[in-house]
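These are my notebook entries on one structure. I record what I looked up, entry by entry.

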Amino acid sequence: MQVFDAADIRNVALVGHSGSGKTQLASALLFDTGATPRLGKVDEGTTVTDYDEESIARKHTLSSSLAWFEYHKHKVNLIDTPGMGNFLSDARAALRVVEAAVVVVDGVAGVQVATEQIWETAQQLNLPRLVVVNRLDRERASFARTIESLHTTLSRSAVAVQWPLGSEDDFHGVVDLVTMQAWTFATDGSGTATEIPVPADVAAEVEAARTALIEAVAEADEALMERFFDQGTLTQEELLRGLALGIRNSHLFPVYCMSALKNIGGTLVAGAIADLVPSPVDRPFPGVGPDGAPITREADLKAPLVVWVFKTIADQFAGRISLFRVISGTLKSDSTVQNLTRQAPERVGHLVVLEGKTQMQVPEVHAGDLAAVAKLKDTHSGDVLGDPKSGFTIQPLSFPEPVLSYAIVPKTRGDEDKISTSIHRLQDEDPSIGYTRDEQTHDLLLSGQGQMHIEVTVAKLRRRFGVEVELKPPHIPYRETIALPTEAHGRHKKQTGGHGQFGDCKVRVEPLPPGSGVVFEDDIFGGSIPRQFVPAVEKGVREACGRGYLAGYPMVDLKVTVFDGSYHDVDSNEMSFKMAGRLAIRDAMTRAKPTLLEPVMTVEVYAPSDFAGDLMGDLNGRRGQIAGMDTRGSNTVIRAHVPMAEMLTYEQTLTATTGGRGGYHMEFHHYAEVPAHLHGKIVAAAQAEGKQVHHEDD
Ligand SMILES: Nc1nc2c(ncn2[C@@H]2O[C@H](COP(=O)(O)OP(=O)(O)OP(=O)(O)O)[C@@H](O)[C@H]2O)c(=O)[nH]1
Ligand SMILES: [Mg+2]
């Protein structure tokens, strides 16, 4: 297997909304360039990049995967990424190791919500972007309308560089607006293209599209603008040069036509990636210098080694597989390098390049290339390996906080240890999974980005590690707080026989603004409680707050000030003051008007405008408050604040209402008081879970 140098490498990530056809496009590109002998199909479970059993079963990419092809003498590394909202963090990570994004857009639906979100990330990284309008063979597909949708939702600088021949079922070829060559593609899926003259019936629209392209290219560069004014047009050579420059500077986003399923347009897209995407040499890698200032590093294979692990796969057989990019220097097989993030040496075994799950060994990997290695001992996603003298580190990967928790129960007794080791292995692959134990109910809580994320995690546990768990209804992280300030007294006294116990404290309890947590203050003067016992009071207070009062949920946003108390020379000890602290809180709660808080999410719903009315009605029914509404092309975006408890079944409703054409995204926003009429239900559920609950008459 040949080793490539940076100038001959192109790294791209396929990104875009779920179902736009990224995986199918990867499959077409790999087949058209000879990397694979047949055209794999998502619907048959035969693509290179959806190799994981779970992805095949669901027909969705759930985790980024890597493949490569060689075209026009360049090695193209492709990262196929998930488009589903619950899994977007992987796509975001992928964008950090490539020189360009290939943004795939459905020619029927136009730009959809995940595409907008991921475009935003690419924008922040100032990443070059090629846009592929896919599924043009579908009924109601329209290239012109999709270009409009690109303009209104993503950027005015998206510009067609191709024009389709035929539409919907009759889509059969494309015109290259730069060279003015027209191609028809074989109908047998072989991807074979035949050059034809530009058909007369499209000549006018092609001419108009070419003029728009020339103007866009001229506008993106001053020198070309002058040429354009002088000549009234640009030569083909100028057009090509200007286009390449505009792409590199992220001033222009060329748009291509495709049917990945029928394999129409594949070689042209492959050619565009190989020819127009900047190489690692053209885009020094951004990082952080020793003084914390942003710096970049050239893809120089002779420079000190810097390797960045951007993704980990938890393989049931091979163990941990780390996907990395060599930023600078050369990484050799069978070597020892330093993990600079964890300050520990790491033994590197066989280096491999990946074609989906297929591994091919390479002796070394040069700066600018993407590859993988199995069985690193203690290296995780986001770690930097290499030469300690390199003076270069990389901003850590960021993963979203979990938004939803479910309690899980092992189907087989005694499987708990296995569950936790297996989940820890999955966390390696997907750091956005959370795993904790509820201190009160002792439930094991699995948390993630949404119901789908949790279900996929549970399915992976079963398939990969043979661990069967049952999901209990989701767990809403309610909190408790108080509405009124009060003073309270806690006295713990046992003085029967022998050594007694005595602790006594008085506290002031008052509400604090949201987000304050529990604040404890010591306001004891004159030694009414000896110094050494104050921490014990605090411990008792915090324990009591942690256990809640109304429904056993932790109390937040209150301040507890201990201001008085008394002690006994012999019988006072830490234990007694801790008890006194607890009792003081319980006493306070009888007057402080405790209330329940629930998490409220910011929800963004995105669907064709026809459904806006129904969707708003539904959100209102979920106690939602509509915060805003926007129209983007033929879609409406609704923003609302909705209690998490009401969103648990949203995925199904949205799919049913919109026939699968809507999408949504939510994240935690704030805690708000639970309406009184819902208290009873929450308290009863908490009791059923085994939490300690105080009744009104306590
Ligand atoms: N008609 C038609 N169907 C396509 C085309 N490309 C993909 N599909 C189908 O669309 C569905 C989704 O394709 P995928 O490639 O899995 O989409 P994706 O973008 O990878 O989706 P996620 O992995 O969920 O992000 C599959 O059923 C494909 O067969 C196309 O060009 N034409
Ligand atoms: Mg996919």
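**Entry 1: the core**

I looked up the largest nonpolar core and found 211 residues, of which Ala101, Val131, Val217, Val255 and Tyr256 touch the most other members. Such a core is a set of buried Ala, Val, Leu, Ile, Met, Phe, Trp, Tyr and Cys residues joined through C-beta atoms within 7 Å. I note that this is a predicted model, in which local features need pLDDT of at least 70, side-chain atom pairs count only at pLDDT 80 or more, and totals for chains, interfaces and linings use all residues. Residues are numbered from 1 along each chain as its sequence is written, while chains are lettered from A and ligands numbered from 1 in the order in which they are written.

I then followed Val217, which touches Leu224, Leu234, Leu239, Gly242, Leu243, Gly246 and Leu252, leaving out residues up to four places away in sequence. Contact requires C-beta atoms, placed from the backbone, within 7 Å.

I checked helix α1 (residues 22-32): 11 of its 11 residues are buried, so the helix is largely enclosed by the rest of the structure. Buried denotes 20 or more other C-beta atoms within 10 Å of a residue's own, exposed 12 or fewer, and partly exposed the range in between. Helices (H or I, at least four residues) and strands (E, at least two) are DSSP runs numbered from the N terminus. The cover over α1 includes β1 (9-15), β2 (65-71), β3 (74-80), β4 (100-106), β5 (129-134) and α9 (266-276). Just after α1, Gly34 takes a positive phi of about 85°.

Around ligand 1 I found 22 residues, of which Ser18, Gly21, Thr23, Thr61 and Gly83 come nearest; a residue is near if its C-beta atom, placed from the backbone, lies within 6 Å. The most is given to this shell by α1, with 3 residues.

I located Val534 in helix α12 (residues 534-547). Val534 is partly exposed, having 19 other C-beta atoms within 10 Å. Beyond its neighbours within four places in sequence, Val534 contacts Asp522, Ile524, Ile529 and Val562.

I traced an open sheet of 4 strands in the order β29-β30-β32-β31, with mixed pairing. Its edge strands, β29 (486-494) and β31 (518-522), each pair on one side only; pairing requires at least two DSSP bridges between two strands. Strands β29 and β30 (residues 501-511) run antiparallel, joined by 9 bridges, and Glu487 stands opposite Arg508 in β30.

Terms used: Contact = placed C-beta atoms within 7 Å.
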